[in-house]
Amino acid sequence: FSTAAFAHTWLVYGSKSLTGVTAAQLESSINSSSSSAGSRKGKLLLRNVSMVSPMSLLLFGGELDVQVERGVLVVDRWMYFNGAARTAVLVHGVREQLDALLAAKIEDPTLDVGSSKLHEAVVSLLAD
């Protein structure tokens, strides 16, 4: 537990739980307008946590919405990423091609995706 900072601000986790709090106490704190997260006596535990880059979320996250006029990419209607309109359109294009390639791989498990130009581009994007 010696990590003081993360290279990226996004974390994904497999599960979360709150310890030391009964279901009734949790329900009460959620429904009370005067309660805050700091007033809970339990500890929040996250399991199977991994740091992910913004590009990982853009390429492999949920639904991707490109708002060209605002220079914004939105993943799953709540994760917002700013960028130039051209960059947003390019990322969206790579995402569409990647989704198609992964669907083809699922249909034909013998398909060699490792030698495609798209594979090289995705590896390069994720390495930065």
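These legends walk through a predicted model, from the whole chain down to a few residues.

**Before you start.** Residues are counted from 1 along each chain as its sequence is written, and side-chain values use heavy atoms, with hydrogens and water left out. Because the model is predicted, local features need pLDDT of at least 70 and side-chain atom pairs count only at pLDDT 80 or more, while totals for chains, interfaces and linings use all residues.

**View 1. The protein chain has four helices and seven strands.** Helices (H or I, at least four residues) and strands (E, at least two) are DSSP runs, numbered from the N terminus. Of the 128 residues in the protein chain, 19% are buried; buried means under 20% relative accessible area, exposed over 50%, and partly exposed in between (1.4 Å probe, protein chains only). The accessible surface comes to about 9300 Å², and carbon and sulfur atoms hold 57% of it. Such areas come from the Shrake-Rupley method with a 1.4 Å probe; for residues, only the protein chains shown count as cover. Among contacts in the protein chain with a separation of 6 or more, 55% join residues 24 or more positions apart; contact means heavy atoms within 4.5 Å.

**View 2. Trp10 and Trp78 form an edge-to-face aromatic pair.** Their rings sit 6.1 Å centre to centre, with 65 degrees between the planes. Rings of Phe, Tyr and Trp (its six-membered ring) pair if their centres lie within 6.5 Å; planes under 30 degrees apart count as stacked, over 60 as edge-to-face and the rest as tilted. Trp10 lies in strand E1 (residues 10–12) and Trp78 in the loop between strand E6 (72–75) and strand E7 (79–82), so the pair ties together parts 68 residues apart in sequence. Trp78 counts as exposed because its relative accessibility is 55%.

**View 3. Trp10 also pairs with Phe81.** The ring centres are 5.6 Å apart and the planes stand at 45 degrees, so this pair is tilted. Trp10 in strand E1 and Phe81 in strand E7 are 71 residues apart, so the pair links distant parts of the chain. Trp10 is partly exposed at 21% relative accessibility, whereas Phe81 is buried at 9%. Trp10, Trp78 and Phe81 form one aromatic cluster.

**View 4. Ser53 is found in the loop between strand E4 (50–52) and helix H2 (54–60).** With 10% relative accessibility, Ser53 counts as buried. Leaving aside neighbours within four places in sequence, Ser53 is in contact with His8 and Leu126.
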